[in-house]
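This report describes selected helix contacts, strand pairings and backbone features. Please consult the sequence and the structure shown below while reading.

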Amino acid sequence: MATMHPAKKIYDLHGDPIRIVPLHLGDDLRTPTKEAAAAGPVAAPNLTYRNGPLIANVEVFTIFWGTAWTGAQAALANQLNAFFDFVLTSALIDQLAEYSVPAYKIGHGKRVGTINLATPSLKHSVSDTAIQHMLQSEISSNPNVPHPTPNALYFVYMPPGVRVVQGGSASCQAFCGYHNDISGQIFYAVMPFPGCAGCTGGLATLDALTSTSSHELCESITDPIPGQGWYDDANGEIGDICAWKTKKLGDYTVQLEWSNKKGACG
Amino acid sequence: MLGQGAVADNGNAGAAAPGWQRVLVQTACEAMHDDHCLGRYGFAVRSDGSYLAGPSPAGRRVEGRISPDELKRLDRLASGFSAAAAPQEFQSAPALPGIKDQLDVEFAGGPAVRVYELGGPGRKIRYRGAWADATRLHAEVRKLLERYYPTPFPPP
């Protein structure tokens with residue numbers, strides 16, 4: 001039997017109401033009732049500090065994985081390093097100072113190095129688990145890779161055509177970049193090459209990468225162990241609230257970040 | 001007749017036998033344009049086979065109907081859950097930070113019950129009832145999402 005082709009219609013704001021399930025899950029695994037959801041406005045974003053570590057003076061080390069970064073994408077790798085040289089002492093970092101706490105005063109950072117990594121060779125996809133293994137292996141065996149410190153942040157850039165996958169999710173399907181930690185000791189961010197409309201947003205490749213990199217950079221500084229730093233249960237981290245709202249800083253495109261003080265993205 | 005869900009959707013929940021009324025999906029992507037994030041604005045399928053994607057922040061909704069075969073499969077899978085089933089956790093490869101995938105089943109006369117959640121506390125998969133049942137329903141709804149949820153989501 002032939003399957004009916006679905007008809008799609010677009011309705012205006014006053015159509016049949018639908019309850020949106022809130023993003024945060026309560027302990028009882030239940031969502032609010034329809035009536036409760038309709039009763040009040042959604043709370044404004046507000047990051048709260050969860051007593052975990054922050055990165056006070058970030059030291060970024062970039063890792064360009066794959067041979068493309070020494071070939072066709074070599075210029076882009078240089079541009080990304082120049083971006084970090086600029087942005088880590090820029091107003092973007094200054095605006096994070098409002099999230100300083102007594103034990104972690106957020107200030108300027110620096111880029112401390114870079115490597116191109118040809119091996120292990122990449123296939124069409126790589127898991128976050130494999131990225132963690134690569135990182136740990138390079139840290140322990142490669143004298144050019146700095147050892148982790150409370151300020152160290154490794155940025156791993158993937159070449160074109162390599163999908164990053166983990167836990168049923170994939171780049172360009174559920175994420176354009178992310179940051180994570182290994183046992184609360186190694187902080188890192190992963191930047192898949194932006195190869196889809198959802199990850200370029202109509203921007204040139206460099207602009208898309210600096211926008212997403214700034215998103216993950218600010219999240220890594222303010223919430224290096226995801227959920228244990230500055231976090232909003234309903235809206236996520238500092239960059240999530242303002243995702244894909246961008247501005248120019250110097251010659252670079254960066255993402256706006258949420259300010260509790262201003263109650264706005266800035 | 002598509003089971004209890006079809007009966008329960010007649011708007012007379014007090015008189016109807018308990019059954020599922022809607023399945024609802026909500027997702028979140030990391031550092032991705034919301035318009036391109038599959039399920040970001042919510043996706044709900046009623047027990048009569050109608051579906052609703054959105055609304056987007058701009059108020060756009062997309063509505064349609066899943067096929068009878070899809071509804072049969074969904075009805076069989078969703079009918080297996082009850083609000084009384086115990087919540088459980090599963091962890092293989094933890095979800096990446098910032099990514100969420102939540103599936104609720106709404107029953108007649110009761111609140112929605114979360115039967116599957118990726119990206120919650122501890123970034124484990126949390127589910128209700130039997131693992132096989134929860135993942136089968138999740139996979140079925142995922143297929144519907146991929147087929148009917150528009151990406152990019154239409155602009156105002």
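How close do the axes of helix H2 (residues 74-87) of chain A and helix H6 (residues 205-222) of chain A come, and at what angle do they cross?

## Basis of the description

This is a predicted model, in which local features need pLDDT of at least 70 and side-chain atom pairs count only at pLDDT 80 or more, while totals for chains, interfaces and linings use all residues. Residues are numbered from 1 along each chain as its sequence is written, and chains are lettered from A and ligands numbered from 1 in the order in which they are written. Helices (H or I, at least four residues) and strands (E, at least two) are DSSP runs, numbered from the N terminus.

## Helix contact in chain A

The axes of H2(A) and H6(A) come within 11 Å and cross at roughly 40°. Axes are lines fitted to C-alpha atoms, for helices over the stretch in contact, and angles run from 0 to 180 degrees between N-to-C directions. The two helices are therefore oblique to each other; angles under 35 degrees count as roughly parallel, over 145 as roughly antiparallel, 65 to 115 as roughly perpendicular and the rest as oblique.

H2(A) contributes Leu76(A), Gln79(A), Leu80(A), Phe83(A) and Val87(A) to the contact, and H6(A) contributes Thr205(A), Leu206(A), Leu209(A), Thr210(A), Ser213(A) and Ser214(A). Residues are in contact if their C-beta atoms, placed from the backbone, lie within 7 Å. By class, this contact has 6 nonpolar, 5 polar and no charged residues (Ala, Val, Leu, Ile, Met, Phe, Trp, Tyr, Cys and Pro count as nonpolar, Asp, Glu, Lys and Arg as charged, and the others, Gly among them, as polar).

## Helix contact in chain B

In chain B, the axes of helix H2 (residues 68-78) and helix H3 (residues 131-148) come within 9 Å and cross at roughly 150°. That angle makes H2(B) roughly antiparallel to H3(B).

Glu70(B), Arg73(B), Leu74(B), Leu77(B) and Ala78(B) of H2(B) meet Arg136(B), Leu137(B), Glu140(B) and Leu144(B) of H3(B). The classes represented here are 5 nonpolar, no polar and 4 charged residues.

## A three-stranded sheet in chain A

An open sheet of 3 strands in chain A has the order S5-S7-S8, with mixed pairing. S5 and S8 of chain A stand at the edges, each with a single partner strand, so one side of each is left without a neighbour in the sheet. Strands pair if DSSP finds at least two bridges between them.

S5 (residues 125-127) and S7 (residues 163-166) of chain A run parallel and are joined by 3 bridges, with Ser125(A) partnered by Arg163(A). S7(A) pairs with S8 (residues 169-170) of chain A in the antiparallel sense over 2 bridges: Gln166(A) is partnered by Ser169(A), and Val165(A) by Ala170(A). These two strands form a hairpin with 2 residues between them, and Gly167(A) in the turn has a positive phi of about 55°. Helix H4 (residues 128-141) of chain A lies across S5 and S7 of chain A, running at about 75° to S5(A).

## Backbone features

Most residues other than glycine have a negative phi, and most peptide bonds are trans. A cis peptide bond joins Thr119(A) and Pro120(A), with omega about 0°. The bond from Thr151(B) to Pro152(B) is also cis, with omega near -5°.

Trp244(A) has a positive phi near 65° and is buried, with 23 other C-beta atoms within 10 Å. Ala31(B) has a positive phi near 60°; with 28 C-beta neighbours inside 10 Å, Ala31(B) counts as buried. A residue is buried if 20 or more other C-beta atoms, placed from the backbone, lie within 10 Å of its own, exposed if 12 or fewer, and partly exposed in between.

Conventions: Two residues are in contact if their C-beta atoms, placed from the backbone, lie within 7 Å.
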